[in-house]
Amino acid sequence: EHAGPMDALERPFNDEEEDDDFADSFYDEWTEKMTDFHPSTMLSLDVAPKTGAIFYENVRNPGTLLRGMFYTLSKMEETKIRLTVKSPSGETVYNKEAADGIYSFEAKVSGVYEFEFYNPRWMASVSVTLAAGSDEHAVLQSSRIRNTQSRLEELTHQLDSIYAQFKYLWLHNHRQMRASSDAQTRLLLYSLMQFIVVGMCSVICITYVKKIVSHKRLL
C-alpha cells in the first residue's frame with residue numbers, strides 16, 4: 001500500500017539529482033572549454049522540419065581556436081537539433097544532436113568552415129540560438145589596455161620632449177636671427193657714417209683746393 005507514495009516521493013528526488021548532475025557537468029565543461037569566451041556572432045533562427053540551415057566561418061590562420069554554444073527554445077519539451085561542423089576539406093570536426101551543446105576545437109587548416117543545423121523532427125520547427133567566436137576576434141584584455149595606456153603615456157612624454165626641444169631651437173634660432181639683424185643694422189649705420197665722413201672730407205678738400213687755386217690766380 002505504501003509502495004505508490006514512496007515511489008512518488010522518490011521520483012522528484014531522483015529528478016533533482018539528475019538536474020544537479022547535468023548542471024555540474026555543464027558547468028565543468030564550460031569551465032574547461034569556454035574560459036574568457038567572448039562571442040563575435042550571436043543569432044537566433046527557426047529551422048523547418050527535416051531541413052537544415054548552414055553558416056560559414058572563414059579562418060585565416062591555422063591553429064585558430066573555434067568555440068561556441070547552442071541551445072534550443074521550447075516551452076513544451078526538450079527539443080533536439082543536430083549541429084555538424086565540417087572543415088574546408090569536408091572532414092567532420094564536430095557533430096552533436098542535443099537540446100544544447102558546447103563546441104571547442106582547433107582549426108588545423110585555414111579556410112571556410114561549415115556549420116549546419118539540422119532539424120530531425122517531422123512536424124515542428126525548432127528555434128535555436130547560436131553564440132560563436134574565435135581567438136581571432138578576441139576582445140581587449142585589461143592587461144593589454146594597461147599596456148596600451150602605458151604606451152600612450154610614453155608617447156605623450158616623448159611628444160612633450162619633442163615640443164620642448166622644438167621650442168628651445170626656435171627661440172635659439174630667433175635670438176640668432178635677431179642678433180644677425182642687429183649686426184646688419186649696425187654695419188649699415190657704420191657704412192653710412194663712413195660715407196658721410198668721406199663725403200664731408202671730399203667736400204672740404206675740394207673747397208680747400210679751389211681756394212688755393214684762386215689765390216694763385218690773384219697773385
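These legends walk through a predicted model, one close-up at a time.

Numbering starts at 1 in each chain, following the sequence as written. Because the model is predicted, local features need pLDDT of at least 70 and side-chain atom pairs count only at pLDDT 80 or more, while totals for chains, interfaces and linings use all residues, and side-chain values use heavy atoms, with hydrogens and water left out.

**View 1. The whole chain, end to end.**
The chain holds two helices and eight strands; these are DSSP runs, H or I of at least four residues for helices and E of at least two for strands, numbered from the N terminus. Read from the N terminus, the order is α-β-β-β-β-β-β-β-β-α. Of the 219 residues, 19% are buried, where buried means under 20% relative accessible area, exposed means over 50%, and partly exposed is in between (1.4 Å probe, protein chains only). Take the contacts (heavy atoms within 4.5 Å) with a separation of 6 or more: 78% of them join residues 24 or more positions apart. The accessible surface comes to about 16900 Å², and 58% of that belongs to carbon and sulfur atoms; the areas come from the Shrake-Rupley method with a 1.4 Å probe, and for residues only the protein chains shown count as cover.

**View 2. A sheet with β1 and β6 at its edges.**
Here four strands form an open sheet in the order β1-β8-β3-β6, paired antiparallel. Two strands count as paired if DSSP finds at least two bridges between them. β3 and β8 share eight bridges, and F70 stands opposite L130 in β8. At the edges, β1 and β6 each pair on one side only.

**View 3. A sheet in the order β2-β7-β4-β5.**
This open sheet also has four strands and antiparallel pairing. Its edge strands, β2 and β5 (92-98), have a single partner each, so one side of each is left without a neighbour in the sheet. Between β2 and β7 there are eight bridges, with A53 opposite F117 in β7.

**View 4. The largest nonpolar core.**
A nonpolar core is a set of buried Ala, Val, Leu, Ile, Met, Phe, Trp, Tyr and Cys residues joined through side-chain atoms within 4.5 Å. Among the elements giving two or more residues are β2 (52-59), β3 (65-73) and β7 (111-118). The biggest giver is β8, with four residues.

**View 5. Zooming in on Y103, and a second core.**
Leaving out residues up to four places away in sequence, Y103 touches M34, L66, R67, G68, M69, L83, Y94, F115, L130, A131 and A132. There is also a second, separate core of five residues, including M34, M69, I102 and A131.

**View 6. K50, in the loop between β1 and β2.**
Most residues other than glycine have a negative phi. K50 has a positive one, near 55 degrees. This residue is partly exposed, with a relative accessible area of 35%.
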